[in-house]
Amino acid sequence: MSDDDREEKELDLSSPEVVTKCKSAADIVNKALQLVISECKPKAKVWELCEKGDAFIKEQTGNMYKSAKKKIEKGVAFPTCISVNNTVCHFSPLASDETVLEEGDVVKIDLGCHIDGFIAVVAHTHVIQDGPVTGRKADVIAAANTAAEVALRLVRPGKKNKDVTEAIQKVAAAYDCKIVEGVLSHQLKQFVIDGNKVVLSVSTPEVRVDDAEFEENEVYAVDIVASTGEGKPKLLDEKQTTIYKRAVDKNYHLKMKASRFIFSEISQNFPIMPFTARWLEEKRARLGLVECVNHDLLQPYPVLHEKSGDFVAHIKFTVLLMPNGSDRVTFHPLQELQPTKALDDPEIKAWLALGTKTKKKGGGKKKKAGKKGDKPEEAVESESADVTLNDAEAGD
């Protein structure tokens with residue numbers, strides 16, 4: 001894992017074994033998402049729903065590769081988060097939190113799984129109601145979903161990351177929504193959830209990324225967050241932050257005993273992937289995490305908010321850039337949407353009309369490895385026109 005040459009050889013979808021692990025992780029993620037959505041009901045406690053998502057992933061991955069000769073790391077790649085209405089992301093509260101869901105809530109569910117470090121992530125937006133979603137709630141979900149469909153067609157070998165950034169902003173504007181600033185779509189590598197190749201959601205003077213070109217056999221987490229508000233979320237309360245990731249390149253001699261205890265536990269149990277403080281002993285964690293964060297030993301994932309009354313939608317999917325085309329492996333159907341805006345921009349329609357397959361012939365093993373994903377891809381292609389007709393179930 002620390003050997004760069006070994007990593008470079010392993011992180012290639014031309015290996016059928018890598019494709020299998022990515023798709024197995026994706027299958028678990030899709031089922032975990034389905035489970036959590038089914039439990040999203042009025043008065044459901046958010047922390048309990050997060051626990052159910054994580055427990056399902058741990059149980060499913062625990063049953064895999066039991067007879068492998070060498071131990072294969074597997075489990076949660078990103079803790080289950082449930083962020084409601086104007087909360088943008090990363091809300092995964094402690095068991096002492098009393099937050100519950102209510103009728104009409106716009107619920108964003110975000111989670112991830114890995115098998116041997118090969119990661120699949122997903123985020124989905126669900127409204128707690130019967131019948132079609134209407135009004136601005138429908139607009140913002142349609143904006144995120146249509147932007148995701150366009151991104152799927154532009155994250156492909158030969159295209160540039162800035163092409164995607166410009167396109168998704170145009171899609172959101174068509175629904176009178178904004179793409180939320182600060183959200184990055186990352187390349188996924190073995191045991192690396194935030195690879196260096198990224199797509200910026202919104203270009204700002206403060207946040208810039210290097211130009212990059214997508215290449216065959218890469219994996220990406222395409223992350224789209226749209227808002228009916230300004231798209232400039234704020235951190236309101238640092239105490240809401242519960243998700244962290246070990247900063248492996250940082251060292252510091254911690255002064256507090258509680259900090260040393262917690263950091264030792266983190267280094268042993270969660271050395272690479274993000275984790276939630278809910279998995280730690282709560283009282284000790286509260287004391288120890290602060291010093292760890294203050295000295296950059298942990299990277300926090302803050303809970304961000306738009307203004308009260310705004311609605312935020314989140315769609316994230318994992319895509320494998322296979323030799324025979326893009327294979328979207330994580331997804332969930334949306335509820336029926338009735339947006340207030342009709343999509344009539346010719347450029348957006350042209351993007352949606354693009355296929356996700358290439359005519360390039362993949363040789364032998366490569367082609368076989370891609371076959372498994374053909375059905376979802378074809379579904380995305382065949383349903384792409386539905387987005388322009390405001391049908392919610394377009395490819396998602």
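Q: Why is helix α6 called roughly perpendicular to helix α7?
A: In this predicted model, helix α6 (residues 257-269) and helix α7 (residues 282-294) pack at an angle of about 85°, with their axes 8 Å apart. Angles under 35 degrees count as roughly parallel, over 145 as roughly antiparallel, 65 to 115 as roughly perpendicular and the rest as oblique. The angle of about 85° falls in the range 65 to 115, so the pair is roughly perpendicular. Axes here are lines fitted to C-alpha atoms over the stretch in contact, and angles run from 0 to 180 degrees between N-to-C directions. Helices (H or I, at least four residues) and strands (E, at least two) are DSSP runs, numbered from the N terminus.

Q: Which residues of α6 and α7 make the contact?
A: Contact means heavy atoms within 4.5 Å. On α6 the residues are Ala258, Ser259, Phe261, Ile262, Phe263 and Ile266, and on α7 they are Arg284, Ala285, Leu287, Gly288, Leu289, Glu291 and Cys292.

Q: What makes lysine 21 and aspartate 116 a salt bridge?
A: A salt bridge is a side-chain nitrogen of Lys or Arg within 4 Å of a carboxyl oxygen of Asp or Glu. For lysine 21 and aspartate 116 the N to O value is 2.8 Å, which is within 4 Å, so the pair qualifies. Lysine 21 lies in helix α2 (residues 16-39) and aspartate 116 in the loop between β3 (106-115) and β4 (118-127), so the bridge ties together parts 95 residues apart in sequence. A search of the whole structure finds 22 salt bridges.

Q: How do you know whether lysine 21 is buried or exposed?
A: Buried means under 20% relative accessible area, exposed over 50%, and partly exposed in between (1.4 Å probe, protein chains only). Lysine 21 has 3% relative accessibility, so lysine 21 counts as buried.

Q: Why is lysine 52 described as partly exposed?
A: Lysine 52 has 39% relative accessibility, which lies between 20% and 50%, so the middle class applies. Lysine 52 forms a salt bridge with glutamate 39, the closest N and O atoms being 3.2 Å apart. Glutamate 39, at 26%, is also partly exposed.

Q: What do the numbering and the computed values rest on?
A: Residues are numbered from 1 along each chain as its sequence is written, and side-chain values use heavy atoms, with hydrogens and water left out. In this predicted model, local features need pLDDT of at least 70 and side-chain atom pairs count only at pLDDT 80 or more, while totals for chains, interfaces and linings use all residues.
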